[in-house]
Amino acid sequence: MASDEAALTLAPARPAPWRDPKLRAIAYQIVFVAAVVGAVGFLVHNMLGNISRQNIATGFGFLRKEAAFGIGESLIPYSPADTYGRAFLVGLSNTLYVAALGIVLATILGTVMGLARLSGNWLVAKLAQIYVETFRNIPLLLQLFFWWGLLNTAAPAPRQAWQVLPDVFVSNRGIAYPVPVASPAYKWMALAVVVALALLVPLRRWAAARQAATGRQFPRGWAGLGIVLGLPLIVFVAFGAPFALSVPSLHGFNFSGGSAVSPEFAALLLGLVIYSGTFIAEIVRAGILAVSWGQSEAAMALGLKSGQRMRLVVLPQALRVIVPPLTSQYLSLTKNSSLAVAIGFPDLVSIANTTMNQTGQAIEGIAMIMAVYLFISLSISLAMNLYNRAVALVER
Amino acid sequence: MIFQTRLWAAFAAVVATLCGLAAGQPAKAGPTLDKIKQAGMFSCGVPTGIPGFAQPDSQGVYSGFDVDICKALSAAIFGDPGKVKYVPLTAQQRFTALQSGEVDILSNNTTWTLTRDTDLGLNFGPVVFYDGQGFMVPNKLNVKSAKELNGATICVQPGTTTELNLADYFRANKMEYKPVVIEKIDEVYAAFFSGRCDVMTGDATGLAAQRIGRASNPDDYVVLPERISKEPLAPVVRHGDDQWHDIVDWIVFALIQGEESGITQANVDEMKKTEDPAIKRMLGVTPGMGKALGLEENWAYNAIKMVGNYGEIFERTLGMGSPMKFERGINGLWTKGGLMYAIPIR
């Protein structure tokens, strides 16, 4: 100890410990962590105390109990005889479904609108601008109520449904449309698509090698499309082309047969896509404007066609700017899907709310909602970060 | 080294302080009566809008049957029916609000069930209204019985016993249905009246009230005759305060006993001069009852004087004196073939 003190006083290069920025930083961090841990500990303790004083049951055992409530729409089989755990999965699948579909459609809409704003055509550019400025500045919840109200009040009752296309009916019960009757062939066709997609990788490699060796280009796009469509078609024909339609028809109160999209789902998807699309449009526009015009000029000087110029020169550089904010948009779209509660679409939050209310397990329910959204958000972030790494500028 | 030792000591002190805090008693709500007496008022969770039960007027002032129960409590406790803060709560919010102490009592058309009484940590007061779940349909559907509802789309509020009974009923009768579940009562009725659902389900009395209160033409809708469940609606308090639970119980009993003994808002002062020892005990002429509850001796007198007995409250808000025009039916006194029966106040 004494020698340490001597060393400290003898070494003029080292300041006194309370003046040493390194040590001070460590001290602050320890205090901060202690404060956080202490605060969380206090809250948890307080909560457990309150719960036990009021004799409220705790734990996740309720997930195995019978749910006994109905759910309007579900991707996986569900009946009120199933458990709360299964009901929760129904909500999760509904959330994932609407979020995934929303992300794809919003990206398409946003890209189109972003490009349209850059268009040289005055009308196209102005229309895109009006779209962006209108829908970006109205709260999403209001938009959801608007679409839902529109679908509910403007559309007629099922018995007077509008037949917009042969066998496609629009009513205030939703949009009913025909679907092919399930057949074992479809499973194999899906497999064929996967195989075809896997085949594209060696094809692409071969085409690139050939172009490098001989300078001749291979029509990769058309060949790829041919494989992806052709292979499942061969399977389809090999199974004897089994095709039958399940057509919606009016039975009693509602349509049966075919498939249907509820007004709640349609309103939610429409609202999410149109709202998020505005932000994505601006992100895309910003990304493209970030690539200096000189790059395009250089590409033209090299003799690249306009499609190649976009694909090989502008887009790779624009994506570096686009991808990080796009990730945020995907995340907020997913989280915004929880506004479904307001219009009665049975998403994760809606079903967890019902579960909490019927069982009284509010803390467990909230914890599950938070964990699920955290997991979904981190997964999207991870995927987008990996993609970002792939498109990021490689510095040499 | 010395510094590091000091640092750890400081760290330990911080942690110890925090743990010391944590080891202390969790936030104590204390006996509810003391708390509300100190605050000079209590908060009462009411539905967000059921005509006849609880409905705000154009000034946002709530009135109705549920509201009058809280008014009677306020009159008995404070000698003033106005010492209540009304907190409108949806079916989903209400239990959390009560458990967390945001409100002191629910007078919220809440059905008394075993799991709510136990798992949710709640205590129920006496039943103030006996209801049963029913279905409302537009006349133009030409449905005469709930058994004809196979395949129907049904609007329902989440977090209610209604939602569960609905599933049970359709399962038991091997019928299919599509629920449309919306939390806000305004939204769910708007969806039904706009035709989004074929059927609206809920407590039959609530349905009838909404039909009168919300439909543009009430005659276009009919409540089907079936009652698929028992819905005993009672005020609710949280576990852990027996005195408060007792107070709620006995004030409700006093309202019912008041009707049975013929004590009304108009004649309660006369009644104080009666020779009937039971009435003298209840109205505090003979002291003892108020002290046992921890209230003033004129608790029951104040409740009846300021708000009225059970029958008067019913007639004013739901019965013939209201737009609802409901019959007393099973909500009549036990002496008249109903289920309302007060426990002896002695």
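Student: How many residues lie between S2(A) and S3(A) in their hairpin?

Tutor: This is a predicted model, so read every feature as part of a prediction. The hairpin formed by S2(A) and S3(A) has 2 residues between its strands.

Student: In which sense do S2(A) and S3(A) run, and how many bridges join them?

Tutor: They run antiparallel, and 3 bridges join them. S3 covers residues 174–177 of chain A. For one bridge in detail, take A:Ser171, whose partner in S3(A) is A:Gly174.

Student: What about the other neighbour: how does S1 of chain A pair with S2 of chain A?

Tutor: The pairing is antiparallel, over 3 bridges. S1 spans residues 162–165 and S2 spans residues 168–171. Here A:Gln163 is bridged to A:Phe169 of S2(A).

Student: Which residue of the S1(A) and S2(A) hairpin takes a positive phi?

Tutor: Look at A:Asp167, with phi near 65°. This hairpin has 2 residues between the strands.

Student: Now helices. What describes two packed helices?

Tutor: Two numbers: the angle between the axes and the distance between the axes. Now the case in chain A. H10 (residues 306–336) and H13 (residues 362–391) pack at about 175°, with axes 10 Å apart.

Student: Are H10(A) and H13(A) roughly parallel or roughly antiparallel?

Tutor: An angle over 145 degrees counts as roughly antiparallel. H10(A) and H13(A) are therefore roughly antiparallel to each other.

Student: Which residues make that contact?

Tutor: H10(A) contributes residues including A:Pro316, A:Leu319, A:Val323 and A:Tyr330. Among those from H13(A) are A:Tyr373, A:Ile376, A:Ile380 and A:Met384. By class, the contact has 12 nonpolar, 5 polar and 2 charged residues.

Student: On to the chains. How many residues does each of chain A and chain B give to their contact?

Tutor: Chain A gives 49 residues and chain B gives 46. On the chain A side, helices H1 (2–10), H2 (21–53), H5 (140–154) and H12 (348–359) each supply at least two residues. H2(A) has the largest share, 13 residues.

Student: What is the make-up of the chain A side by class?

Tutor: There are 21 nonpolar, 24 polar and 4 charged residues.

Student: Last, which domains does the assignment give for chain B?

Tutor: Domain 1 is 32–130 + 233–336, and domain 2 is 133–229. Their C-alpha centres lie 29 Å apart.

Student: How many residues of domain 1 of chain B are in contact with domain 2 of chain B?

Tutor: 15 residues of domain 1 meet 17 residues of domain 2. The domain 1 side has 7 nonpolar, 8 polar and no charged residues.

Definitions and conventions
Residues are numbered from 1 along each chain as its sequence is written. Chains are lettered from A and ligands numbered from 1 in the order in which they are written. This is a predicted model: local features need pLDDT of at least 70, side-chain atom pairs count only at pLDDT 80 or more; totals for chains, interfaces and linings use all residues. Two strands pair if DSSP finds at least two bridges between them. Helices (H or I, at least four residues) and strands (E, at least two) are DSSP runs, numbered from the N terminus. Two residues are in contact if their C-beta atoms, placed from the backbone, lie within 7 Å. Ala, Val, Leu, Ile, Met, Phe, Trp, Tyr, Cys and Pro count as nonpolar, Asp, Glu, Lys and Arg as charged, and the others, Gly among them, as polar. Axes are lines fitted to C-alpha atoms, for helices over the stretch in contact, and angles run from 0 to 180 degrees between N-to-C directions. Angles under 35 degrees count as roughly parallel, over 145 as roughly antiparallel, 65 to 115 as roughly perpendicular and the rest as oblique. Domain bounds come from an automatic or database domain assignment.
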